[in-house]
Amino acid sequence: MKKSTLLFTTALPSLTDLGEELLLIYDEVLPRKSAAFKKWSQKFSLKYGVKAGETLKSVDQFPQHIRKIVQLCENTSSRRLTIVVAGGGSVGDFGGFVASILKRGVKLVHMPSTWLAAIDSAHGGKTALNVGGAKNQIGTFYPADKIILSRQLLMSQPEARAFEGFGELLKISWIQGGSLWQELSKEFEITSSVLWKYLARAVDAKYKVVSKDPEEKSGHRHILNLGHTVGHVLESYYKLPHGVAINYGLDFALRYSVQLKIMSQGEYEKISHAPVSGYLLSPLRDDLLQTKASVLKEFRQLLLSDKKKTKSQTLRFVFLKRPGQCVVKEVTVDEVLMEICRQKEDELNG
Ligand SMILES: NC(=O)c1ccc[n+]([C@@H]2O[C@H](COP(=O)([O-])OP(=O)(O)OC[C@H]3O[C@@H](n4cnc5c(N)ncnc54)[C@H](O)[C@@H]3O)[C@@H](O)[C@H]2O)c1
Ligand SMILES: [Zn+2]
């Protein structure tokens with residue numbers, strides 16, 4: 001897989017550094033959030049503003065978008081055109097997909113504007129559209145030529161978003177272990193500045209995993225789903241922001257790892273007593289692990305619809321042995337539901 005060039009910048013980049021003929025696809029909230037972005041975006045002669053979110057990724061809406069984009073680009077050359085995508089993960093998935101098919105593929109620059117996109121979705125080359133209610137059913141592997149991580153653009157997010165970004169940062173630092181986790185574990189406060197400080201290392205850790213399995217063939221890339229199985233269930237059921245749901249899912253995965261003796265009790269205590277673990281959310285403490293039959297039935301449906309399921313009733317669950325060492329094990333949907341009940345009971349028994 002082609003390697004993307006990563007650039008960490010303070011301000012927004014100069015247009016001449018982006019390519020010859022440029023089309024900017026951007027989240028239409030950005031000019032409202034940042035005067036600097038507004039001024040910068042006005043320099044593009046070709047631009048296409050979109051409303052972020054899952055509807056943007058809907059395959060039903062796609063023909064309307066692509067018709068307008070083709071029209072906008074009618075006088076551009078496929079060889080010289082670069083699509084610059086500025087936005088969060090949904091705009092990135094959409095814009096990346098457009099770049100991969102427009103004129104049979106044009107150059108692509110990602111400029112993530114959310115922590116989730118900066119830490120995770122802009123890297124690794126996956127693009128996606130949704131079909132019906134089902135997420136990410138079609139897409140391409142199309143790594144960006146360049147990914148520009150602009151401090152100014154990321155800092156245009158409200159400070160509260162830093163906590164959402166933390167879920168993915170924590171995930172990747174548990175996957176990577178080593179000095180990334182060692183240092184992060186000592187943080188007492190999670191702010192945008194802290195996320196920015198760890199961004200380069202978090203991204204590097206994701207590339208380490210992706211480079212071993214760029215197109216998800218060997219299965220290694222699957223470890224990036226740590227915290228995501230139950231995280232996705234809670235995200236859908238309680239309509240939580242993705243990063244918050246993943247944070248809960250990580251706590252569940254940790255406890256499940258101890259229960260199956262994949263992680264030792266000592267290791268678990270070391271992690272839970274780390275200063276940064278004050279920011280780890282517990283679905284038990286917040287009463288999200290419901291064991292009422294009607295709720296479990298919905299959880300079961302959500303687990304089954306998760307695309308990570310292998311055979312009909314089996315999931316490949318990512319456990320943690322210790323930071324730096326994940327273990328993937330097939331478990332049944334019923335086993336996950338039983339673990340939800342067990343954790344709940346454990347908590348009730350104090
Ligand atoms: N391709 C991948 O590998 C991959 C990985 C993980 C997630 N994803 C996808 O990413 C999407 C979620 O990512 P997201 O949360 O970044 O989504 P998003 O693009 O929907 O952005 C979330 C919200 O933040 C707003 N926003 C964006 N930048 C802002 C800024 N600077 N200031 C204020 N508001 C801003 C958006 O308008 C939107 O309302 C999902 O569609 C998911 O499927 C893709
Ligand atoms: Zn995620």
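Predicted model: local features only at pLDDT ≥ 70, side-chain atom pairs only at ≥ 80, totals over all residues.
H3 (residues 62–72) and H4 (residues 89–101) pack at about 60 degrees, their axes being 12 Å apart; axes are lines fitted to C-alpha atoms, for helices over the stretch in contact, and angles run from 0 to 180 degrees between N-to-C directions.

On the H3 side, Phe-62, His-65, Ile-66 and Ile-69 meet Phe-94, Phe-97, Val-98 and Ile-101 of H4, contact meaning heavy atoms within 4.5 Å. Seven residues of this contact are nonpolar, one is polar and none is charged.

## The sheet

Six strands form an open sheet with parallel pairing, in the order E1-E8-E5-E4-E2-E3; strands pair if DSSP finds at least two bridges between them. Helices (H or I, at least four residues) and strands (E, at least two) are DSSP runs. The edge strands are E1 (5–9) and E3 (46–50). Five bridges join E1 to the parallel strand E8 (residues 146–150), and Leu-7 stands opposite Ile-148 in E8.

## Helices on the sheet

H9 (residues 192–212) packs on the sheet and touches E1 and E8, with a direction at about 175 degrees to that of E1. H4 lies across E2 (21–27), E3, E4 (81–87) and E5 (107–112), at about 170 degrees to E4.

## Basis

Local features need pLDDT of at least 70 and side-chain atom pairs pLDDT 80 or more, whereas totals for chains, interfaces and linings use all residues. Residues are numbered from 1 along each chain as its sequence is written, chains are lettered from A and ligands numbered from 1 in the order in which they are written, and side-chain values use heavy atoms, without hydrogens and water.

Key
Nonpolar A, V, L, I, M, F, W, Y, C, P; charged D, E, K, R; others polar.
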